[in-house]
Amino acid sequence: MRRISRITVAGAATASLALALSACGSTSTSGSSDSKGNKGLAIAYDVGGKGDQSFNDAAYAGLEQAKKEFGYQTADLEPTEGETDADKEQRLVSLAKQGYNPVIGVGYAYAAAVKGAAEKFPKTTFGIVDDATINTKNVADLVFSEEQASYLAGVAAAKSTKSNVVGFVGGVDIPLIHKFQAGFQQGVKDTNPKVKVLSQYLTQTAEEGGFSSPDKGKTAAEGQIEKKADVVYAAAGLSGQGVIEAAAGKKVWAIGVDSDQYKQEALAKYKDFILTSAMKDVAKAVYNLAKSVEDGKPETGIVRGDLKTGEVSLSDSNPKFADDAELQEAIKTAKEKIISGEIKVKSS
């Protein structure tokens with residue numbers, strides 16, 4: 001049995017959803033409800049929205065997998081420019097009212113909204129990606145050990161650089177992105193202490209476009225490349241596309257993030273310069289939460305993905321990366337030591 005809020009008049013409810021969402025960003029729905037009119041998974045995107053070839057697209061992939069397997073109706077909503085926490089909460093509340101379950105906010109910016117919506121709808125399971133601060137019995141905090149995958153990215157960068165200079169571009173100067181930087185720097189230095197790491201954050205707040213401005217990412221990467229960086233790692237959402245473009249333009253390596261960016265259609269013309277990607281399996285986390293609700297045993301509390309669970313990793317789609325035996329051995333050794341606890345990766 002699915003644990004879900006009930007809908008009394010389906011037609012009126014659908015109309016009210018359309019009205020509510022018209023003020024909260026675009027939405028798409030698909031599939032069908034079950035015999036009782038209950039609906040399935042709904043997600044609300046972070047800054048950058050669907051099409052970022054990274055974080056949000058990974059969440060969408062999880063939604064698509066759930067829709068295909070469970071055959072139910074889904075919804076995915078875009079953010080709006082300059083929206084408030086109240087706007088985000090209204091978006092989540094409107095979905096819960098319609099019987100979507102679970103409802104997931106994609107990104108730490110949804111913390112206040114998820115908390116508020118979960119309190120209003122205690123029979124609906126909510127999820128939030130990249131935030132571990134909500135201690136509510138019907139909320140799953142879907143978090144990852146990004147620093148572990150970033151450490152492996154650092155190993156790859158240190159083994160691949162010829163100039164002994166590599167770069168890190170962070171989207172926004174916040175603790176979440178500090179994890180990426182800390183792991184990357186540690187992986188570089190543990191592999192080759194002679195390699196210099198250049199680091200730059202694009203903005204201080206997400207509202208300034210740090211996760212949604214490819215032009216900012218491109219400018220930052222070009223600056224690092226001018227300073228001899230020949231491998232640049234971006235943890236910057238949509239802005240990372242600009243980093244990859246800059247690297248390809250100068251014929252140096254880029255390291256992608258969150259999704260396997262070598263495989264992303266929008267980045268296909270740059271893929272020969274995408275060494276690897278430090279991935280976190282947001283798709284799996286989103287799907288697993290949906291499955292737990294479908295199975296009648298909803299996940300709650302902190303749900304963490306790491307190297308041991310396989311939910312953070314390095315992609316090996318680029319043959320030049322996959323076929324480099326020395327590099328692969330170094331990464332394998334580092335991974336084993338992290339999982340065993342011999343290497344403790346810093347998160348700040």
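Q: What share of the contacts between residues at least 6 apart in sequence join residues at least 24 apart?
A: In this predicted model, the share is 70% of those contacts in the protein chain. A contact here asks for heavy atoms within 4.5 Å. The chain itself has eleven helices and 13 strands, and 57% of its 348 residues count as buried.

Q: Why is Thr 124 called buried?
A: The word applies under 20% relative accessible area. Thr 124 has 0% relative accessibility, so it counts as buried. You will find Thr 124 in the loop between α4 (111-120) and β5 (126-129). Its C-alpha atom is separated by 6.8 Å from that of Asn 138, which is 14 residues apart from it along the chain.

Q: What makes Lys 228 exposed?
A: To be exposed, a residue needs over 50% relative accessible area. Lys 228 has 58%, so it is exposed. Lys 228 belongs to the loop between α7 and β9, and its phi is near 85 degrees, a positive value in a residue other than glycine.

Q: Is Asp 258 buried or exposed, and how do you know?
A: The limit for buried is under 20%. Asp 258 has a relative accessible area of 8%, so it is buried. Its place is in strand β10. Asp 258 also has a positive phi, near 70 degrees, in a residue other than glycine.

Q: Which residues touch the most other members of the largest nonpolar core?
A: They are Leu 41, Ile 43, Ile 177, Phe 184 and Tyr 233, in a core of 62 residues. Helix α5 (residues 146-160) gives the largest share of this core, eight residues. A second, separate core has 22 residues, including Ala 221 and Ile 274. In soluble globular proteins, nonpolar side chains tend to be buried together. As for Ile 43, its contacts beyond four places in sequence include Tyr 60, Leu 77, Ile 104 and Val 286.

Q: Why is the pair of Phe 168 and Tyr 201 called edge-to-face?
A: There are two checks. Ring centres must lie within 6.5 Å for a pair, and planes over 60 degrees apart count as edge-to-face. Phe 168 and Tyr 201 have ring centres 6.1 Å apart and planes at 70 degrees, so the pair passes both. Phe 168 lies in strand β7 (residues 165-172) and Tyr 201 in strand β8 (residues 196-203), 33 residues apart. Phe 168 counts as buried because its relative accessibility is 0%, and Tyr 201 is buried too, with 18%.

Q: What makes the pair of Phe 184 and Tyr 233 tilted?
A: The planes of Phe 184 and Tyr 233 have 45 degrees between them, and the rings are 5.0 Å centre to centre. Phe 184 sits in helix α6 (residues 175-191) and Tyr 233 in strand β9 (residues 231-235), so the pair ties together parts 49 residues apart in sequence. Phe 168, Phe 184, Tyr 201 and Tyr 233 form one aromatic cluster.

Q: How do you know that the charged end of Lys 50 sits over the ring of Tyr 60?
A: One condition is that NZ of Lys is within 6 Å of the ring centre and within 35 degrees of the ring normal. The charged end of Lys 50 is 4.1 Å from the centre of the Tyr 60 ring, and it sits over that ring. Lys 88 likewise lies over the face of Tyr 110, at 5.9 Å from the ring centre.

Note on methods:
Residues are numbered from 1 along each chain as its sequence is written. This is a predicted model: local features need pLDDT of at least 70, side-chain atom pairs count only at pLDDT 80 or more; totals for chains, interfaces and linings use all residues. Side-chain values use heavy atoms; hydrogens and water are left out. A nonpolar core is a set of buried Ala, Val, Leu, Ile, Met, Phe, Trp, Tyr and Cys residues joined through side-chain atoms within 4.5 Å. Buried means under 20% relative accessible area, exposed over 50%, partly exposed in between (1.4 Å probe, protein chains only). Helices (H or I, at least four residues) and strands (E, at least two) are DSSP runs, numbered from the N terminus. Rings of Phe, Tyr and Trp (its six-membered ring) pair if their centres lie within 6.5 Å; planes under 30 degrees apart count as stacked, over 60 as edge-to-face and the rest as tilted.
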